[in-house]
Amino acid sequence: MLFDASDLPRPPFKVADGVVHLPGFLAPETQAELVQQARCVARSVAGTPVAMRRPLIGQHQMKAFLMSLGWFWATNPYRLTQSVDGHPVPPVPKNYQVIADGVLAEAQKLDSALVPMRVETALVNFYPPGAGMGEHVDAQEQADNPVVSLSIGDETIFRIEGRKVVLMSGDALVFGGPARRAKHSVTPPRPGTGPAHTGLEEGRINITMRQVHPT
């Protein structure tokens with residue numbers, strides 16, 4: 001390798017109306033803490049109906065593993081619920097709101113139309129090697145407040161509004177306003193591109209935070 005792309009300048013960038021990319025927003029120690037926190041929550045619900053899982057979408061099983069916090073994202077049909085077979089969904093950790101507030105404060109400097117959001121639900125997605133997510137719309141929430149997305153681990157390419165964004169470990173991305181219901185997707189993580197400090201041996205963790213109910 002001639003150079004490490006992570007060493008190049010990567011300033012905050014308005015990708016499109018309502019879409020802001022904040023490279024390197026999460027400090028290395030914060031990335032590691034979020035990974036460890038997610039593992040602890042996953043262990044606490046392992047073996048229950050609200051455990052981290054690979055959901056069925058129609059007749060096809062996703063390659064990515066998803067864990068719901070606050071509200072459970074159920075499929076066939078799509079819906080949000082706060083318990084599954086009597087098992088409560090694990091709550092959203094309090095530090096998620098602190099992080100989301102910080103992300104939005106920075107994003108608003110580039111797009112003043114972005115409004116605050118209350119983190120009522122979050123998805124912790126683990127993408128092992130070879131696992132991406134096809135084009136879809138986040139449409140189960142009633143609220144139109146922005147989505148705050150955090151990337152940890154291997155690099156991926158995020159597509160939205162006809163644009164491509166390379167997401168590296170520690171990056172934050174916001175999409176709201178006219179892009180809140182935009183179709184978006186991610187490619188499988190690029191092996192060997194994640195830094196050692198995250199604690200992930202391979203793959204990528206994506207945390208997406210959302211508001212469910214209108215303010």
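Author: Buried means under 20% relative accessible area, exposed means over 50%, and partly exposed lies in between, with a 1.4 Å probe and protein chains only. This is a predicted model, in which local features need pLDDT of at least 70 and side-chain atom pairs count only at pLDDT 80 or more, while totals for chains, interfaces and linings use all residues. Residues are numbered from 1 along each chain as its sequence is written, and side-chain values use heavy atoms, with hydrogens and water left out.

Reader: Why is Thr 187 called buried?

Author: Thr 187 has a relative accessibility of 19%, and because the cut-off for buried is under 20%, Thr 187 counts as buried. It is found in the loop between β16 and β17, and, leaving aside neighbours within four places in sequence, Thr 187 is in contact (heavy atoms within 4.5 Å) with Ala 131, Gly 132, Thr 156, Ile 157 and Arg 159.

Reader: What makes Gly 58 partly exposed?

Author: Its relative accessible area is 37%, which lies between the limits of 20% and 50%, so the label partly exposed applies. Gly 58 is found in the loop between β3 (56-57) and β4 (60-61); such strands are DSSP runs of E with at least two residues, whereas helices are runs of H or I with at least four, both numbered from the N terminus.

Reader: How do you know that the buried residues of α1 are on the same side?

Author: In α1, Gln 31, Leu 34, Val 35, Ala 38, Val 41, Ala 42 and Val 45 are buried. They cover an arc of only 130° around the axis, which puts them on the same side of α1, the arc being that of the directions from the helix axis to the C-beta atoms. On the other side, Glu 33, Arg 43 and Ser 44 are exposed. The buried residues of α1 pack against β5 (65-69), α2 (94-107), β10 (121-127), β12 (147-153) and β17 (204-210).

Reader: What makes β13 and β14 a pair?

Author: Two strands pair if DSSP finds at least two bridges between them, and β13 (residues 156-160) and β14 (residues 163-167) have five, in the antiparallel sense, so they meet the definition. The two strands form a hairpin with two residues between them.
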